Amino acid sequence: MRAIFTLIIGICCTAFNDAKSIRFNEPRSTLRGRVVFPSGSREPVESDGVLTVELQDTSLMDAPAKIIGQGVGKAIRFPMAFAVKFPPKEISKGHSYSLQISIRNKKNELLYVNDFHVSVVPTGANRTKFIDVPVVLVAKSKPKEEKKHQWPELLGTNGQEAVNIIKKETGFSQVVAIRAGSMVTMDYRNDRVRVYVDKNGIVTRTPIIA
């Protein structure tokens with residue numbers, strides 16, 4: 001009985017190992033090409049650039065693209081060669097396939113990308129054997145400047161000059177010089193600055209938006 005049980009265990013283990021071998025050694029095809037920017041340029045990329053090339057199934061218009069294969073490597077200088085391996089069994093007749101290129105730095109900031117659809121034929125007699133894919137430089141957005149809301153540097157200056165400076169910097173029309181101690185409304189407006197001055201027209205308080 002023990003011998004039979006041992007034999008069954010051995011068969012199961014062998015079958016499991018064979019299944020793993022088949023799964024991890026399944027046939028894979030390769031799609032090769034180059035990333036170029038712009039035509040003929042050999043401009044270097046940031047030293048920590050990483051190139052990612054994805055082979056995508058883009059057949060469904062209202063669904064995310066399905067990634068069939070992916071190649072990742074260090075991006076150094078244009079043009080740069082790539083090779084994307086993929087399982088042929090994932091390619092379906094009648095489906096559309098394309099390449100998506102991106103180059104990012106170690107902060108995961110996007111540096112370069114292909115800005116148009118790059119169609120490929122992964123398998124078959126008319127398969128894409130080699131392709132050049134141009135990319136464009138992604139414009140980096142400037143950090144949004146914090147809106148200035150007070151002008152301590154104008155304290156002690158001429159009131160009318162302070163008004164002119166604030167109008168120029170903000171574009172506000174509601175910037176007025178007011179004699180310190182005058183009665184004013186208590187409402188708040190984000191497009192108004194009151195410049196408090198003394199009898200000599202000198203700014204006595206830090207002008208603020210109010």
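**Close-up views of the predicted model**

View 1. Buried denotes under 20% relative accessible area, exposed over 50%, and partly exposed the range in between (1.4 Å probe, protein chains only). Helices (H or I, at least four residues) and strands (E, at least two) are DSSP runs numbered from the N terminus. The model is predicted, so local features require pLDDT of at least 70 and side-chain atom pairs count only at pLDDT 80 or more, whereas totals for chains, interfaces and linings use all residues. Residue numbers start from 1 along each chain as its sequence is written, and side-chain values rest on heavy atoms, with hydrogens and water left out. Helix α2 (residues 159-170) comprises twelve residues and reaches 16 Å from its first C-alpha to its last, close to the expected 16 Å; that expectation is 1.5 Å times one less than the number of residues.

**View 2. Strands β4, β1 and β8 form an open sheet, in the order β4-β1-β8, with mixed pairing.** Two strands pair if DSSP finds at least two bridges between them. Strands β4 and β8 stand at the edges with a single partner strand each, so one side of each lacks a neighbour in the sheet. Neighbouring strands are turned by 30° against each other on average, direction ignored; axes are lines fitted to C-alpha atoms, for helices over the stretch in contact, and angles run from 0 to 180 degrees between N-to-C directions. Strand β1 (residues 29-36) and β4 pair in the antiparallel sense over seven bridges. Ser29 stands opposite Phe86, and Leu31 stands opposite Val84. The covered face of β4 presents Met80, Phe82, Val84 and Phe86, and the uncovered face Ala81, Ala83 and Lys85.

**View 3. The largest nonpolar core contains 26 residues.** Such a core is a set of buried Ala, Val, Leu, Ile, Met, Phe, Trp, Tyr and Cys residues joined through side-chain atoms within 4.5 Å. The residues with the most contacts inside this core are Leu51, Leu55, Phe78, Phe82, Leu99 and Ile103. At least two core residues come from each of β1, β2 (50-57), β4, β5, β6, β7 (118-120) and β8 (130-134). A second, separate core of twelve residues includes Leu154, Phe172, Val175 and Ile209. Setting aside residues up to four places away in sequence, Leu51 touches, among others, Val35, Met80, Phe82, Ile101 and Ile103; contact means heavy atoms within 4.5 Å.

**View 4. Phe78 and Pro79 are joined by a cis peptide bond, with omega about -10°.** Pro79 belongs to the loop between β3 (66-74) and β4 (80-86).

**View 5. Asn108, a residue other than glycine, has a positive phi near 65°.** Asn108 sits in the loop between β5 (97-104) and β6 (110-113) and is exposed because its relative accessible area is 52%.

**View 6. Thr206 lies in the loop between β11 (192-197) and β12 (208-209).** Thr206 counts as partly exposed because its relative accessibility is 30%. Thr206 and Pro152 are 54 residues apart in sequence and 4.9 Å apart in space, C-alpha to C-alpha. Beyond its neighbours within four places in sequence, Thr206 is in contact with Gln150, Trp151, Pro152 and Leu155.
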